[in-house]
Amino acid sequence: MRRILQRLVALILLLLPLLGTTTVISAQENSPGRKVEFDKVRKGDFHVGLFGPLRYGLANNMELQTHPIFDFVIPNAKLIWTHKTAGNQSIQTRHSLVYPTPLLRLISRKGTGGILPDDPTIVEIPSMISLYNEIRYYRIPFPSLEYYFSGGIGFAGVFGDLDERTTIDLPVVFPRLGVFYNGYSLRVGSGMDWKLSPQWGMKSDAELIWLPGYSEAFFWEHSGQVRWQFSESWNLMAGYLLTFGTYPFGKQYHLLPLFDLGYRW
Amino acid sequence: MKQAIYSWAIVVIVIGAMGCEPLVTKFPENSDAIKYSAQSHESPPAVGNSLLIMTWNIRFGAARIPWFGDSCGERVILTKAEVQEALSAIADKINEVQPDILLVQEVDVESNRTGYINQVQWLLDHTYFNYAAYGSMWKSQFVPSDGLGRINTGQAVFSRWELSDTERIQLALRGDQDALTTYFYLRRNILKTKVMVPEIDNLYVLNIHASAFSTDDTKQQHVTEFKEVFDALDSGGALVIGGGDFNLLPPGSDSTNYCDEDRCQDDDPDFCPEGSDYTPEMTWMEPIYNAYSPAVSLSDYLASNSRYFTHSTSGDVFWNRKLDYLFTNGTWSAGTDSTYQETMQLADHAPVSARLAVQP
């Protein structure tokens, strides 16, 4: 019974981003031809955010992302590829590669800024790399509304001993580094993108992250964002990230602010 | 659209209110202490004519491992096995001495440095104590320094009998640090609790861990605040036990400067670590000595300082100063005090005990 309830709660949490969909649908005008394009990067376009990644349109259906400043210490890249579009539906895959070793070694230090310990009984962070692959099904039921469902699997290669005392027990970070301690991770998610007007949009996502077999196995993240395209090139985003998960110290919620200033050219 | 926004807002507010904690917990002046109960309870023995009281700074179950913060060491995050081994040795000593009430300082309940072992619950479940109360002196979701990460450490009172009226009383913050350091730093306190011994009315315990490394008058303020709480209970007719790690020497101690003993190998020869020179602080314990009865009388201590030493920073150096005390407004049974100097490898403080005379 408890397990069924847990699954029910997980399903509700997963579908939380779609909470407002019914209202949206009822409010839509029937205006075929319009499509949600708020956050798309077309071929040759660049988009960069203060905190968000640099995005480049390799083609109209293919986008490359990276965090350029962090590339020096945590080389990372993500490819977003929309494979097939049929009517108001599309299939997209996402593939990301991260090499966190230099950053983790950099923050293993004594004194202020020491996020990880420089402890003589803990071996240096080994070389390690993670690969995450995700598939998304998109549907645009109305011209200004898009929603998706996603599923993904991540793998990690760790080339040496990774001490379990090197976890960073913080939201967002812990579940993403968890794959290195567990070897693999699974994710399912859903979300919606709602274009309220040419300038305004709302976005919501939810994701369940599992690290099967790991002592801290379950995480849930949900974000809500409002975006304002205040000029041809500039946009502002503000929102929140709500997380819940099992950490080495126990279960905890976190509510974090989200903010970004984006520019495209 | 409004309905969607309202729905999201309600979800966020409800869940946020349920579970969100600040990065660093700043405690109010007075707050409830956290109560614990052992998984299985043992019936307390009938009270005779005394209760055995003990105080012990257990160094968060780090035994004598050279930890970076207090012993010139380089260790930061201990393994669970290391902590459990140290706690087992501490529990063995407690079970051997069999105090009725135990005041503990530096006990971790949710700290990355000690494998997130809840040491209050662990000690309850590995000794004969039935109840405990805990007051945190350092609670932060993440300390971004030295790889410490999450920490929650403080004082606890363990008892065979139920505890009530438990309270955490905030002490003055250090006045010799910048604002950012102060924000992330320790918040010292007095843990106050009433012990419900059936035959004794109005028995209170005060447990303090005063500032260790302050170089201004913070420690003196802590002693003054401790005495004020003690005085208030005393004037209300309570029988009070007050003790803990005061980080101060008894007045009249032979040695008052430990710069040489505490200096690390790589330090400059003229360098004196913070908190190692007690010379300007030698009168700060006098008000308590003058007002209440110490478990180790000042005359006994002055006759032989070293016999009562309770602390040394390194496991390689035998106890070289007394920092740990027990006081009462009642009476200690004559000749019952003990300083357990054989515990050199269990922690960086030795426990001190004495029998409190009671008339059930």
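What follows is a conversation about how terms are applied to a predicted model.

Colleague: What should I know about the numbering and the cut-offs on confidence?

Modeller: Residues are numbered from 1 along each chain as its sequence is written, chains are lettered from A and ligands numbered from 1 in the order in which they are written. As the model is predicted, local features need pLDDT of at least 70 and side-chain atom pairs count only at pLDDT 80 or more, while totals for chains, interfaces and linings use all residues.

Colleague: How do you know that the span of helix H2 of chain B agrees with its number of residues?

Modeller: Helices (H or I, at least four residues) and strands (E, at least two) are DSSP runs, numbered from the N terminus. The expected span is 1.5 Å times one less than the number of residues. H2(B) has 18 residues, 80-97, and should therefore span 26 Å; its end C-alpha atoms are 26 Å apart, which agrees.

Colleague: Which residues of H2(B) are called buried, and what makes them a face?

Modeller: A residue is buried if 20 or more other C-beta atoms lie within 10 Å of its own, exposed if 12 or fewer, and partly exposed in between, with C-beta atoms placed from the backbone. Val83(B), Ala86(B), Leu87(B), Ile90(B) and Ile94(B) are buried. Seen down the axis of H2(B), they fall within an arc of 95°, so they line one face of the helix; the arc is that of the directions from the helix axis to the C-beta atoms. An α-helix has 3.6 residues a turn, so residues three or four places apart point the same way. The face turned away from the buried side carries the exposed residues Ala81(B), Asn95(B) and Glu96(B).

Colleague: What do the buried residues of H2(B) pack against?

Modeller: They pack against strand E4 (101-108) and helix H3 (119-126) of chain B. Two residues are in contact if their C-beta atoms, placed from the backbone, lie within 7 Å.

Colleague: How do you know that chain B agrees with a compact globule?

Modeller: The radius of gyration is taken over C-alpha atoms, and the globule rule is 2.2 Å times the number of residues to the power 0.38. With 360 residues, the rule gives a value near 21 Å; chain B has 21 Å, which agrees. Of the 360 residues, 46% count as buried.

Colleague: What makes a set of residues a nonpolar core, and which residues have the most contacts inside the largest?

Modeller: A nonpolar core is a set of buried Ala, Val, Leu, Ile, Met, Phe, Trp, Tyr and Cys residues joined through C-beta atoms within 7 Å. The largest has 87 residues; those with the most contacts inside it are Leu102(B), Val120(B), Ala132(B), Ala156(B), Val157(B) and Phe158(B). Its largest share, seven residues, comes from strand E5 (residues 131-143) of chain B.

Colleague: Why are E2 and E13 of chain B placed at the edges of the sheet?

Modeller: Two strands pair if DSSP finds at least two bridges between them. Seven strands of chain B form an open sheet in the order E2-E5-E6-E4-E3-E14-E13, with mixed pairing. E2 (34-37) and E13 (338-339) each have a single partner strand, so one side of each is left without a neighbour in the sheet. Within the sheet, E3(B) (residues 50-57) and E4(B) pair in the parallel sense over five bridges, and Trp56(B) stands opposite Val104(B) in E4(B).

Colleague: How many bridges join E11(A) to E12(A)?

Modeller: 14 bridges join E11(A) to strand E12 (residues 250-264) of chain A, and the two run antiparallel. They form a hairpin with two residues between them.
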